[in-house]
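These are my notes from going through one model. I list what I looked up, entry by entry.

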Amino acid sequence: METIRINGGRKLGGEIDIQGSKNAALPILAACVLVDGVSVIHNCPDLTDVSAAAEILCHLGCTVTRQGHTLTVDSRNISCYNIPTRLMSRMRSSIVFLGSILSRTGKAELCAPGGCEIGLRPIDLHLSALRSMGVAIDESQGTLYCYINDSIRSNVITLSFPSVGATENIMLAAVFAKGTTTILNAAREPEIGDLAAFLNRCGCKVKVSGGGTILIEGVKKAHSVEHTVIPDRIVTLTYMAATAAAGGDVLLKKTQPQHFLTVNHIFEKAGCNVNCTNNSVRITRNGRLRCVRDIRTMPYPGFPTDAQAPVMAMLCLAKGTSVMVENIFESRFKHVCELAKMGAKIKIEDKVALIDGVEALYGANVNAIDLRAGGSLAVAGVAAQGTTVIGSVHHIDRGYENIVECLRAIGADAERSDMDERFPG
């Protein structure tokens with residue numbers, strides 16, 4: 001098992017390019033199942049979650065090749081409609097393949113998804129929507145058996161919560177449906193817009209309207225397509241948090257600040273200077289951070305739940321008491337116990353975290369309990385005095401491409417190595 005070792009306490013400076021978005025790439029790869037041809041996906045990040053999606057595609061009968069950050073998917077010979085447990089268990093977003101497999105083959109068989117243990121992500125919204133579109137679904141011993149008697153029917157579907165995964169699955173299921181499917185209270189994340197752009201490029205008819213409404217007019221087939229994945233806004237925010245925590249001046253390029261403009265004020269309230277262009281963001285911090293008293297995770301365009309852990313790590317060093325409320329997932333404070341090993345003072349009351357800022361964090365042996373927890377520990381590690389050793393880095397590899405190289409490019413002292421025998425695991 002590998003670890004990431006960070007010798008902290010150095011101000012950061014330099015520039016890096018931001019990777020393609022994991023949360024955009026995965027549903028787009030699932031959408032490749034719909035294409036009766038070849039899909040060329042540019043700016044596709046080199047992550048273990050992306051590799052897992054590629055394995056699912058290969059199992060279904062696709063041919064997948066990678067050259068740098070370009071994945072080519074030939075899906076003309078789809079021959080399978082089931083995803084085995086060993087593949088489903090590797091990532092939670094694997095459920096997004098359900099809609100595309102149903103559209104392409106008329107049936108699907110898969111189990112509950114795996115990935116990070118950050119609390120319940122019930123798929124009842126997915127299933128109830130698909131049932132309203134004429135999909136028969138049998139659930140038995142953790143396996144979903146789904147099939148279509150005739151064809152998927154268009155419908156008006158109102159989501160009780162703007163679930164990203166449910167919105168994606170409905171979109172993928174509806175592209176070949178007869179008539180026009182309307183999704184009300186749909187997710188509005190930039191990744192939804194990127195999926196719609198991919199679908200439209202391959203001949204589908206998807207219109208994303210303001211206020212969370214999506215219209216999908218059914219077509220007969222999807223053709224070959226070439227598409228470039230949007231930058232990863234959560235990775236951008238993580239490196240912004242690292243710069244804020246350690247201090248310094250960092251330029252993050254090949255990103256899209258319009259995707260996280262509502263988050264920038266958090267950094268500004270904390271005492272950072274944030275300057276954005278169309279495709280870059282520069283963040284500087286010299287004096288001590290200030291507390292931020294009201295951060296609430298919300299569906300887009302609100303503060304993203306995926307940024308909660310990295311920003312919390314930053315605020316551990318702010319003067320005063322910061323308050324964060326987690327409204328999306330009920331078990332997304334697991335990183336708190338690891339930050340406490342580094343000297344953080346955080347009190348959890350139900351879904352509220354009270355962060356009493358300390359003068360300094362100190363290096364320790366810690367574990368990346370999930371993906372974003374790993375990001376938070378990297379943020380804390382670059383700012384801490386002494387050496388931080390992060391274990392379970394396979395979680396980090398799910399969403400952060402070459403994190404050690406990126407940290408080093410902006411001045412951090414970081415390396416990746418085999419697990420130290422002293423590390424407790």
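Which residues is Leu199 in contact with, leaving aside its neighbours within four places in sequence? I worked on a predicted model, and there I found Leu199 in contact with Ala31, Leu34, Met171, Leu172, Val175, Cys204 and Val206.

Entry on the cores. I looked up where Leu199 belongs and found it in the largest nonpolar core, which has 79 residues. Leu199 is listed with Phe97, Met171 and Phe198 as having the most contacts inside that core.

Entry on helix α4. I followed Phe97 to helix α4, residues 97-105. I found this helix mostly covered, with seven of its nine residues buried. The buried ones are Phe97, Leu98, Gly99, Ser100, Ile101, Leu102 and Ser103. Just after α4 I noted Gly106, which takes a positive phi of about 85°.

Entry on a helix pair. How do the axes of α8 and α10 cross? I took helix α8 as residues 233-246 and helix α10 as residues 308-315. Their axes come within 8 Å and cross at roughly 5°. The angle is under 35 degrees, so I logged α8 as roughly parallel to α10. On the α8 side, Thr238, Ala241, Ala244 and Ala245 take part in the contact; on the α10 side, Pro310, Val311 and Met314 do. I sorted the residues of this contact into six nonpolar, one polar and no charged.

Entry on Asp74. Is Asp74 buried or exposed? I found a relative accessible area of 17% for Asp74, and the limit for buried is under 20%, so Asp74 counts as buried. Asp74 lies in strand β5, residues 70-74. Its side chain makes a polar contact with the side chain of Arg76, at 2.6 Å. Not counting residues up to four places away in sequence, I have Asp74 touching Gly37, Val38, Cys62 and Thr63.

Entry on Ile390. I placed Ile390 in strand β22, residues 387-391. Ile390 is buried, with a relative accessible area of 0%. I also checked Ile390 against Asp36: the two are 354 residues apart in sequence and 44 Å apart in space, C-alpha to C-alpha.

Conventions. Residues are numbered from 1 along each chain as its sequence is written. This is a predicted model: local features need pLDDT of at least 70, side-chain atom pairs count only at pLDDT 80 or more; totals for chains, interfaces and linings use all residues. Side-chain values use heavy atoms; hydrogens and water are left out. Helices (H or I, at least four residues) and strands (E, at least two) are DSSP runs, numbered from the N terminus. Buried means under 20% relative accessible area, exposed over 50%, partly exposed in between (1.4 Å probe, protein chains only). A polar contact is a pair of N or O atoms within 3.5 Å; within protein, one must be able to donate a hydrogen and the other to accept it, and residues adjacent in sequence count only if both atoms are side-chain atoms. Contact means heavy atoms within 4.5 Å. Axes are lines fitted to C-alpha atoms, for helices over the stretch in contact, and angles run from 0 to 180 degrees between N-to-C directions. Angles under 35 degrees count as roughly parallel, over 145 as roughly antiparallel, 65 to 115 as roughly perpendicular and the rest as oblique. Ala, Val, Leu, Ile, Met, Phe, Trp, Tyr, Cys and Pro count as nonpolar, Asp, Glu, Lys and Arg as charged, and the others, Gly among them, as polar. A nonpolar core is a set of buried Ala, Val, Leu, Ile, Met, Phe, Trp, Tyr and Cys residues joined through side-chain atoms within 4.5 Å.
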